[in-house]
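Student: I have a structure to look at, and I would like to learn how to read it. Could you walk me through it?

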Amino acid sequence: GEGTNGVEIDIDSKIKTSMDAIQSSLQDSLESRLEDVKALESELERITSQLAERPDESQISKMFQDLEDSLSHRLGNSNTVQIVLDNMKLEMGQRMTKPEVMSMM
């Protein structure tokens with residue numbers, strides 16, 4: 001009868017409402033991640049633009065230190081910051097030219 005139908009519609013609308021809420025919070029979370037990534041990229045560009053054509057070890061170490069300070073300040077000590085920096089350090093284990101450093105972005 002009618003009673004059952006009413007209940008089903010109610011459940012459907014509850015499911016829809018919670019799906020919308022989940023989607024909305026996912027989107028917020030993604031947008032803030034994207035902001036972090038953009039912040040990261042612009043910070044990298046700013047810092048690498050100060051590197052010499054063939055940066056030496058100390059310049060590279062200073063670059064990472066600047067980057068880490070700047071990003072931690074902006075994003076907090078997030079895992080994202082650590083992962084990105086660790087990956088860059090691995091890739092830069094070999095000596096790199098400035099264009100090679102830039103291409104990692």
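Tutor: Let's take a few features in turn, keeping in mind that this is a predicted model.

Student: Then how confident is the prediction, as a mean pLDDT for the protein chain?

Tutor: The mean pLDDT is 76, and 79% of the residues reach 70 or more. Confidence is highest in helix 1 (residues 2-48), with a mean of 80, and lowest in helix 4 (residues 98-103), with a mean of 66.

Student: How many helices and strands does the protein chain have?

Tutor: There are four helices and zero strands. Read from the N terminus, the order of elements is α-α-α-α.

Student: What share of the contacts with a separation of 6 or more joins residues 24 or more positions apart?

Tutor: Here that share is 62% in the protein chain.

Student: Which residues make the nonpolar surface patch?

Tutor: Look for Ile 11, Ile 15, Met 19, Ile 22 and Leu 26, which together make a patch of about 480 Å². One of them, Ile 22, is found in helix 1.

Technical notes
Residues numbered from 1 in each chain as written. Predicted model: local features only at pLDDT ≥ 70, side-chain atom pairs only at ≥ 80, totals over all residues. Heavy atoms only, no water. pLDDT = per-residue confidence, 0-100. Helix = DSSP H or I, 4+ residues; strand = E, 2+ residues; numbered from the N terminus. Patch = residues over 30% accessible without salt bridge, like charges linked within 9 Å, V, L, I, M, F, W, Y side chains within 5 Å. Areas by Shrake-Rupley, 256 points an atom, 1.4 Å probe, with all protein chains shown as cover. Salt bridge = Lys/Arg side-chain N within 4 Å of Asp/Glu carboxyl O. Contact = heavy atoms within 4.5 Å.
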